[in-house]
Amino acid sequence: MNDIRTLTLSLTLAVALPAGGLFAGLAEPTADADFRDLRSDYVKTWYIYADTNSNGILDPGDRKVDAFKNWWTPVSAHTQHNYEDGPYGAEGFTYAPGQDLTSAPMNFASRTDAADNFWLAREKNAIHFYMSYSQFDNNDFSTFYANLNDADRQKFLSDHNLNRNGWSLGWVTHDVTKDAQGAFVNDQTQAGKVKMDVYVHNGQGTYDIAGFGTSRSNPEVATSNDINFAALDQTQWHPPVFAGGTYDINDPANQAYKNMLGLSDSQFQQILDSMETREIDPSILGNQAIWANRTPAEIEAALTDHAGNAYLYQDAFLERSTYVEGATDGAVIAGLAGQSNYDPSLNNWGDQQVIRIDIAPETLMGEGEDAGNIRRIAFYDFGDSMPGAEGTQQTDPRAILLDLSDANAFPEYRFFIAQVEIPEPTTMALLIGGGTLLLARRRRRRQPAKS
């Protein structure tokens, strides 16, 4: 694999590598009849942009890199990520307490035959991003758990899942090590570090969707790898609930979480300490952020949207992780509304959901005390969906490679995931000019003839 510093990627387009039909014959999942029906737009087109303006927001003048469509699964976004329950566990390997666990996202076409399922392709020293729609997460959780008899479990699950309608952003770092015979090698030697900030603009909201019902979204961590200590090893443990601006143990939802799992206060704190990806109040990031001059607070004070309103990032997530040779790493952010009120004729570019991703230069360049070892950034395009079919792009995705180490193509090592396509300023000027000309012609036609 080429080092990311030597990749010769175009400055105007990302290189897209087709999977080459390696996964032909694998099945795409079918919808689960026990869950709320799929939304009509469960597979969307999303857009990747570079921050050409170097200001920390997606606005006209930023360069469109590529477009892609999201993955989907009937199970939850957490389960799809398949934390510590991947193909290597199926081969009989078990981790020792305190070791780094692995993730292997899967489409869950089958619950009984892993050979029918598509596993996300991975490489050593790479971060692999994907967006996904979960049918389970899009249930109406205001009523979904009404029949549970366990009050703590009902409280935790309802609060935990209530605002996860919409889409999710997931990523997996690195790949596992295998020996010459193809057997999994549990090598816990540190392989690298990842320092990454994820901010979300307009990802929250409650909407009435025609033909679907109420959709409730509020971005939150659904999976954080290596929630891991001896008492809770070998299990897919969910993160606590971020509420009131923090993971407060006194919040009723987290009290229910603690009671349900039988945790002491110190064990609850141990779970928090083990989370390599966690949500944080965007107003208090300060020097914790990769770019202290591009924090949500700095942007709110200095920049405005198309209408002159302060540009807001309502959600912030920090990953500060290490990964080892014999395991993958990663996380999932669920509850992304994926809605916009965008009108091309108005170019109201601020009225859409935007995900901003900053990756620290030391993570990419391998320099300094906290140097990482990431050589490749990939974003997967899963194409259109034909539920139950074999060999669709949903099981043969296209890999979009982003050379973030090229500061000319990606200033400040940043990219955005947008809901809609923003016209270039020159295109917008032509649209406005054309509209003005048309209006003038209409006015001339309506003038009464002179007597």
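Predicted model: local features only at pLDDT ≥ 70, side-chain atom pairs only at ≥ 80, totals over all residues.
Residues are numbered from 1 along each chain as its sequence is written, and side-chain values use heavy atoms, with hydrogens and water left out.

Asparagine 165 is situated in the loop between H3 and strand E6 (167–173); helices (H or I, at least four residues) and strands (E, at least two) are DSSP runs, numbered from the N terminus. The relative accessible area of asparagine 165 is 0%, so the residue is buried, a class that covers values under 20%, with exposed meaning over 50% and partly exposed in between (1.4 Å probe, protein chains only). With neighbours within four places in sequence set aside, the contacts of asparagine 165 include Arg36, Asp137, Phe141, Thr214, Arg216 and Leu336, where contact means heavy atoms within 4.5 Å.

Glycine 170 belongs to strand E6 and counts as buried because its relative accessibility is 0%. Its C-alpha atom is separated by 8.4 Å from that of alanine 334, a residue 164 residues apart from glycine 170 along the chain. Residues up to four places away in sequence not being counted, glycine 170 touches His128, Phe129, Tyr130, Ala331 and Val332.

For the protein chain as a whole, the secondary structure amounts to 8 helices and 19 strands. Of its 451 residues, 54% count as buried. Among contacts between residues at least 6 apart in sequence, 79% join residues at least 24 apart.

A nonpolar core is a set of buried Ala, Val, Leu, Ile, Met, Phe, Trp, Tyr and Cys residues joined through side-chain atoms within 4.5 Å. The largest such core comprises 63 residues, and the most contacts inside it belong to Phe129, Met131, Leu169, Phe379 and Phe415. Strand E9 (residues 190–201) supplies the largest share of this core, 5 residues. A second, separate core of 20 residues includes Tyr47, Trp349, Val420 and Ile422. Methionine 131, when residues up to four places away in sequence are not counted, touches Trp46, Phe68, Trp71, Leu169, Ile355 and Phe379, among others.

Grid points are joined across faces, edges and corners, and a volume is the space filled by probe spheres set on the points. The largest pocket holds about 280 Å³ of space. Its lining consists of 16 residues, of which Arg153, Phe156, Leu157, His238 and Met260 are the closest to the centre. Two or more lining residues come from each of helix H1 (77–81), helix H3 (151–161) and helix H4 (252–261), with H3 giving the most, 5 residues. The lining divides into 8 nonpolar, 6 polar and 2 charged residues, the classes being nonpolar for Ala, Val, Leu, Ile, Met, Phe, Trp, Tyr, Cys and Pro, charged for Asp, Glu, Lys and Arg, and polar for the others, Gly among them.

In H4, the buried residues are Ala253, Asn254, Ala256, Tyr257 and Lys258, and they pack against H3 and helix H5 (265–274). A side-chain oxygen of aspartate 251 lies within 2.9 Å of the backbone nitrogen of alanine 253 at the start of H4. Glycine 262, with a positive phi near 70°, follows the helix H4.

The structure contains 3 cavities of 30 Å³ or more. The second largest cavity has a volume of about 40 Å³, and its lining includes His160, Arg164, Glu220, Phe242 and Glu279. By class, this lining has 6 nonpolar, 1 polar and 3 charged residues.

Notes. 1 Å grid on protein atoms, 1.4 Å probe; cavity = no way out; pocket = protein on both sides within 12 Å on 5 of 7 lines; lining within 4 Å. Polar contact = N/O pair within 3.5 Å; in protein donor to acceptor, adjacent residues only side chain to side chain.
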